[in-house]
Amino acid sequence: MAALSQRGASALWVALLTAASTATTLALACATPFPSLAALAAVHMRRPGGVALILLAWLASQCVGFFLLGYPRDGSTLAWGFALGTAAVGSALAGYAAVRALDYRSVAARLALAYAAGFTAYKGIIVGWALVLGGLHTATAPDLLAEQFVRNGAILIGLYGLYRLLVAAGVPPPPQPAASAT
């Protein structure tokens with residue numbers, strides 16, 4: 001795999017992390033860990049690959065929801081699907097912006113920063129959509145927010161472990177963001 005181009009390595013990681021995200025989506029009944037994926041992407045992938053990852057993970061989660069878990073095909077559910085997509089992309093963009101704004105050398109610090117920014121953006125966008133689509137109480141319930149923050153943080157640790165394991169096994173890492181390419 002050493003001869004894999006940068007574009008090929010990026011595509012490989014998008015596919016690998018989308019598959020890992022889909023497995024998580026299935027295990028958690030469609031609770032895709034977008035802030036976790038966004039943080040990992042912001043630290044270890046260039047923005048185009050990271051946004052592609054988020055969009056493919058969103059598409060996979062929608063397919064799981066509608067085709068495997070039997071989500072209703074009504075206007076409200078479709079609107080919430082779109083809302084989740086916008087929140088997922090917003091999460092990724094916030095993670096990239098935070099990592100770019102503060103130049104930490106430590107991978108752990110960059111992951112934590114990208115995760116905090118991504119989670120905050122994700123939930124903020126969800127709250128904005130809840131004002132329009134309904135469900136504001138659920139979107140802002142402190143116990144649910146805390147549970148989601150911890151669960152996504154644990155998933156981030158697992159995804160980072162998978163990333164390190166695959167790199168150690170010889171899978172070429174994706175092209176790194178310019179800020180961390182030292």
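Predicted model: local features only at pLDDT ≥ 70, side-chain atom pairs only at ≥ 80, totals over all residues.
1. Start with the helix itself.

2. Look at both ends. At the start of α5, a side-chain oxygen of Ser106 comes to within 3.2 Å of the backbone nitrogen of Ala108. Just after α5, Gly134 has a positive phi of about 95°.

3. Next, the buried residues. Those of α5 include Arg110, Leu113, Gly118, Phe119, Tyr122, Lys123 and Ile126. Their cover includes α2 (34-44), α4 (75-101), α6 (136-140) and α7 (142-168).

4. Ser91 sits in helix α4. Its relative accessible area is 0%, so Ser91 is buried. Beyond its neighbours within four places in sequence, Ser91 contacts Phe34, Pro35, Ala38, Gly118, Phe119, Ala121 and Tyr122.

5. Now the rings. The structure holds eight aromatic pairs. One of them joins Phe34 and Tyr122, a tilted pair with 6.0 Å between centres and 40° between planes. Phe34 belongs to α2 and Tyr122 to α5, so this pair ties together parts 88 residues apart in sequence. Both Phe34 and Tyr122 are buried.

6. Phe119 and Phe149 also pair. Their centres are 5.1 Å apart and their planes stand at 85°, so the pair is edge-to-face. Phe119 lies in α5 and Phe149 in α7, so parts 30 residues apart in sequence are tied together. Phe119 counts as buried, at 8% relative accessibility. Phe149, at 38%, counts as partly exposed.

7. Ring pairs link Trp13, Tyr160 and Tyr163.

Technical notes
Residues numbered from 1 in each chain as written. Heavy atoms only, no water. Buried < 20%, exposed > 50% of the residue type's maximum accessible area, 1.4 Å probe, protein only. Helix = DSSP H or I, 4+ residues; strand = E, 2+ residues; numbered from the N terminus. Contact = heavy atoms within 4.5 Å. Polar contact = N/O pair within 3.5 Å; in protein donor to acceptor, adjacent residues only side chain to side chain. Phe/Tyr/Trp six-rings, centres within 6.5 Å; stacked < 30°, edge-to-face > 60°.
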